[in-house]
Structure formats: C-alpha cells, structure tokens
Amino acid sequence: MQIETLRTRMKKPSKILLLDGGISTELEKSLAARGSGTSNDDDDDDDDDSGACIHTSTAPVKFPDRNLWSSSLLLSHKGRLDIQSRHENFLAAGSNIITTVTYQLSHFATRFGYTEEQIDDLLLIAIHQAKAAAASFHDHDHDHAKPKGVDEKTFIVASIGCYGAVLADGSEYTGDYQLSVDDLIQFHQRRLEVLSRESNQIDGIAFETIPSLIEVRAILKLLKLKTKPRPKQDEGASSRSGCNRDVNGAVWLSLACQNGSTLNDGTSISEVLQVLDLEDPNSDIVHGIGVNCCKVGFVHELSLLLARHILDTRTSTIRDSDIKNLNPK
C-alpha cells in the first residue's frame, strides 16, 4: 500500500494529485438514464451479503434509500458494480485519488432500521469496490497518460460526511446542529474506528463538507484521541511525526463555505485555521485542508485564503467538481 507515500505527497507534493469529485452525481445520472427511479435492483440480485434491508422513502429519489443516499447502492450487487464502474471512469479521466461512496453512510442509520454491524459491513464493501476498481483499471492496458506534472499513482481515500449530511435535511448548508462537541465525537467515532481498522486497505480519510467550527473541533479532538505519543526509543523512526497513529494514512478536512471567507455556520475561515494550527501545530493529525460544496465563484478567494495561511504546513485540497467551470485563464 501507498499510505505513507500519500501523506508525504500531501505534505510536500512534487506533482499534482487529481481528486475525483461528484461520483454520487454521476451515479444519479446513470440511474436516471436507465430509468431506475426509486426501485431497488432486479429480483435476481439476491447475493447481497450485507444483511441490510432496503428502506424506501416516499420522497421521489433516485437512490434505493434516501437516508443513505448514494451509499444505498452498496446494498445490492448491481449497485456495487455501478459504483465500481464510476470509480473506473474517474481513473480513466485522470484521477489519482478515488473516494469511497460512504459520504452519507454512518451509524446514525440505526435510526432507520439498520444495525451497527450492517453499517460496518457496508463501509468495508465500499472500500472493496474502490480497490476492485483500481485493480481492474490497472490490470487492463489503459492508454490514459496523465498530463505532464500530474502524478501517475492511484490512491483510495475513505469519505466521511458531516453530521448534517445524514440528516438529509440540508443541515450541511447551515451547520446549525444544536449539538455539543462530545455529541459530534460520538457521531463520528465508530465510523472512524471501523475505517482505522482497515488502514492497510486505504490510503487516507477525508472529512467532507464540514460546515461548522464545533464539528471541526470535534473531529480534531477525536483524531487526537486516536493519535498516540511515540515511545522514546522509537522517536527517531520517523522524521515526519513524533506520533504513532491508530488513524493511518493521510487525513484532510474539506470545509463547506457560504462565501469566500466563512463557513456555512458563519465562522471565519481564518478562525478555523487558527484553531487547526493551535490543536495540530505540526500537522500530525491533519495533512490537508480544502473546500467543497460551495459556489464556484467563491473558490478563488477561498483558495488564496487557504494558500496564504498554510502554504508551509499543510496541503490545500479543492474538489474538482467545485472548479470544473472555472475559466482556465
């Protein structure tokens, strides 16, 4: 695996790494194109080993279960193949990093009739589909040379969405949760623990569409709890960090912003970066900071703000789905 390599590349990148983006949108398009509507896959898809049941919503959605959004495709064999196919499409288009279809998949789903064990299984299935896509793509003779200066490696990163995402009520656009830091730690904890146990299967973890300072604080506190001091006899073992990690691989935070300078909850990006530097001054637990799910017109200002503050300490990440309409000039 390339776990340490991805962390190194994010710390001091020598080449551009292209991230995928909008895979759930692409999955929606493909389902709509073949008229899937809200129905589950064909009756012959009886080899679902997740043990999860389908919960349909009365809302007109394209995915099998609105509560899990695109992650509900993981419930069936056909859905998993759709996911794998879209991962391969992104690789063919030049992506170096593919993110698992787990943005809206969390143990909050126990409120919708799933068990914690079923969610654990779906998280693992999502990783498997991403790995299968990478293996399939590289096993074939693909003549998709990346542009000069773009890295040739492929990395798999597990996607973790914000608390607002699982509510499916647009809360990620406000960050107004009325929850404490401890509440949000509890929300993220088991999912992070499951993914941490699979650290040899993934290259990193992305916390995406984080709309509030309190959720940033919760994620940082949780990551610190999962980061252990390195024993003195091992301090020379790594020049990058003085820590052993339960959470291996690269970690980045992607913020949801209402304009070019503030989070969706109204907190200034400058304040978020100050908190990040205070809690993680040596970039031991967070290796990248970026934005997603914001208007394209704000990306340039946000990019400059991030770059000025963190140029020497972290990596700035912006989802390609957020910048695809920018004028290249």
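Reader: Which backbone nitrogen does the side chain of aspartate 65 reach?
Author: The backbone nitrogen of asparagine 67, at 2.9 Å. This is a predicted model, where local features need pLDDT of at least 70, side-chain atom pairs count only at pLDDT 80 or more, and totals for chains, interfaces and linings use all residues. Residues are numbered from 1 along each chain as its sequence is written, and side-chain values use heavy atoms, with hydrogens and water left out.

Reader: And which side chain does aspartate 65 make a polar contact with?
Author: The side chain of tyrosine 114, at 2.6 Å. A polar contact is a pair of N or O atoms within 3.5 Å; within protein, one must be able to donate a hydrogen and the other to accept it, and residues adjacent in sequence count only if both atoms are side-chain atoms.

Reader: Where is aspartate 65 found?
Author: In the loop between α2 (23–33) and α3 (77–92). Helices (H or I, at least four residues) and strands (E, at least two) are DSSP runs, numbered from the N terminus.

Reader: Is aspartate 65 buried or exposed?
Author: Aspartate 65 is buried, and it has no salt bridge. Buried means under 20% relative accessible area, exposed over 50%, and partly exposed in between (1.4 Å probe, protein chains only). A salt bridge needs a side-chain nitrogen of Lys or Arg within 4 Å of a carboxyl oxygen of Asp or Glu.

Reader: What is the nearest side chain of opposite charge, then?
Author: Arginine 66, which is 8.0 Å away. For charge, Lys and Arg count as positive and Asp and Glu as negative; His and the chain ends are not counted.

Reader: New topic. How many salt bridges are there?
Author: The count comes to five. In one of them, the side chains of glutamate 116 and arginine 190 meet at 2.4 Å, N to O. That pair links distant parts of the chain, with glutamate 116 in helix α4 and arginine 190 in helix α6 (residues 181–197), 74 residues apart.

Reader: Which residues are linked in a network of salt bridges?
Author: Glu116, Asp120 and Arg190. Glutamate 116 is partly exposed, at a relative accessible area of 33%, and arginine 190 is partly exposed too, at 25%.

Reader: What does lysine 221 form a salt bridge with?
Author: Aspartate 182, with the closest N and O atoms 3.6 Å apart. Here lysine 221 is in helix α7 (residues 213–225) and aspartate 182 in helix α6, 39 residues apart.

Reader: And glutamate 279? Which lysine does it pair with?
Author: Glutamate 279 forms a salt bridge with lysine 224, and their closest N and O atoms are 2.9 Å apart. Glutamate 279 lies in helix α8 and lysine 224 in helix α7, so the pair ties together parts 55 residues apart in sequence.

Reader: Back to helices. At what angle do α2 and α3 pack?
Author: At about 120 degrees, with their axes 10 Å apart. That makes α2 oblique to α3. Axes are lines fitted to C-alpha atoms, for helices over the stretch in contact, and angles run from 0 to 180 degrees between N-to-C directions. Angles under 35 degrees count as roughly parallel, over 145 as roughly antiparallel, 65 to 115 as roughly perpendicular and the rest as oblique.

Reader: How about α3 and α4, what is their crossing angle?
Author: Roughly 45 degrees, and the axes of α3 and helix α4 (residues 116–139) come within 9 Å. That makes α3 oblique to α4.
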